[in-house]
Amino acid sequence: MRGRPAVVPAGLTLLRPHPRVSLVLHRRSAAVALVLLALLGAVLLASACVGQTYIPPAEVWRALRTGSGPHDLVVNELRVPRAAVGALVGAALGTSGALVQSVTRNPLASPDVIGVGHGAAAATVLALATGAVSSPSALPLVSVLGGLVAAALVYVLAWRRGMQPSRFVLTGVGIGVALSAVVQLYLTDSELEAAEQVKLWLTGSLNGRGWEQAGPPAVVLVLSLPALVWASRALRPLGLDPETAAGLGVRVDRVRLGLTVLGVVLAATATGAAGPIGFVALTAPQLARRLTRTPQLPLLNAALTGAIVLVAADLAARTLLPPLEIPVGALTALVGGPYLLWLLGRRTATR
């Protein structure tokens with residue numbers, strides 16, 4: 001006996017590529033993703049064209065296609081690799097922010113709140129202070145490990161017969177403050193040249209980033225695709241209260257742990273590539289949700305929004321005050337601070 005055809009709510013489309021496989025497509029979210037993808041392409045093209053010397057799009061395409069010509073150095077060695085790193089780091093931060101905010105059910109949460117950026121900074125500082133790392137190319141790996149260790153410490157300290165999102169966030173804030181004190185102590189007692197190097201890294205910058213720095217976030221994002229597909233499905237029941245989700249057969253604590261680990265890995269990899277860039281992971285998921293109007297945070301659109309925000313911010317940072325280059329982390333903090341205040345005011349007004 002045949003079952004009744006599935007009733008699909010308005011705004012959704014049921015796809016059945018295989019008799020045993022069914023997918024639900026949110027039409028508005030898909031349309032927004034296409035628009036964001038086109039916008040990301042436009043921002044990347046602008047980043048390759050605009051600078052102290054303007055290069056027409058046709059010349060950019062020629063340099064990319066042939067690898068030669070008068071603009072080969074600027075396009076293929078400076079601008080395009082830098083924009084690629086920005087897009088990859090922004091995508092990783094946007095996705096990570098969506099995962100962390102979904103787990104904590106708090107739009108004010110981000111990987112920075114749970115100590116990922118502070119752990120990466122403290123690990124980098126300790127490696128430089130002790131001389132444990134002599135090669136600058138090893139610093140991104142150190143920062144990734146530091147971010148992972150800090151997040152693991154927060155999770156262990158916040159666990160009390162289960163994971164409460166509010167306790168998780170507060171523990172992350174406390175660990176972040178302690179790790180910040182370690183960094184400040186190093187900056188106070190270190191030599192001027194070493195302190196300046198660390199301060200530039202702490203601000204977050206894409207200056208001097210190339211294909212070498214683009215490799216780790218690209219590999220992590222590709223390897224994370226199966227986990228992200230699982231995460232997009234796991235986020236739906238987490239939007240309910242824990243008791244209801246558990247009644248539906250969801251192992252809430254395990255799902256939260258898996259989503260948190262995935263978010264931390266993405267954030268730590270992004271931090272290792274470009275330094276701790278603030279507010280991208282905070283703002284991108286919320287902007288994506290307002291565009292798509294979906295019940296849960298859309299991972300793909302959050303990734304695209306994060307990539308657009310970071311590439312556009314870096315383009316503005318290096319062209320606003322030529323020949324001075326503003327670190328992109330400073331610009332995102334300058335824009336993200338008022339956004340955070342607005343979000344706090346909006347949450348207070350709705351209570």
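**Entry 1: the model.** I noted that this is a predicted model.

**Entry 2: salt bridges.** I looked up how many salt bridges the structure holds, and there are three. One joins the side chains of Arg-62 and Glu-59, at 3.9 Å from N to O. Both residues sit in helix 2 (residues 57-66), three residues apart, which is about one turn of the helix. Arg-62 is partly exposed at 42% relative accessible area, and Glu-59 is partly exposed too, at 25%.

**Entry 3: Arg-82.** Which residues does Arg-82 link up with in a network of salt bridges? I found Asp-314 and Glu-325. For Asp-314, the closest N and O atoms are 2.9 Å apart. Arg-82 is in helix 3 (residues 72-104) and Asp-314 in helix 13 (residues 299-319), so this pair ties together parts 232 residues apart in sequence. Arg-82 and Asp-314 are both buried.

For Glu-325 and Arg-82, the closest N and O atoms are 3.2 Å apart. Glu-325 lies in the loop between helix 13 and helix 14 (328-350), 243 residues from Arg-82. I wrote down 33% relative accessible area for Glu-325, partly exposed, and 8% for the buried Arg-82.

**Entry 4: two helices.** I checked helix 8 (residues 211-223) against helix 11 (residues 252-274): their axes come within 9 Å and cross at roughly 170°. Anything over 145 degrees counts as roughly antiparallel, so helix 8 and helix 11 are roughly antiparallel. Their contact includes Pro-216 and Pro-217 of helix 8 and Val-265 and Leu-266 of helix 11. The contact residues split into seven nonpolar, two polar and no charged.

Methods: Residues numbered from 1 in each chain as written. Predicted model: local features only at pLDDT ≥ 70, side-chain atom pairs only at ≥ 80, totals over all residues. Heavy atoms only, no water. Axes fitted to C-alpha atoms, helices over the stretch in contact; angles between N-to-C directions. Helix = DSSP H or I, 4+ residues; strand = E, 2+ residues; numbered from the N terminus. Parallel < 35°, antiparallel > 145°, perpendicular 65-115°, else oblique. Contact = heavy atoms within 4.5 Å. Nonpolar A, V, L, I, M, F, W, Y, C, P; charged D, E, K, R; others polar. Salt bridge = Lys/Arg side-chain N within 4 Å of Asp/Glu carboxyl O. Buried < 20%, exposed > 50% of the residue type's maximum accessible area, 1.4 Å probe, protein only.
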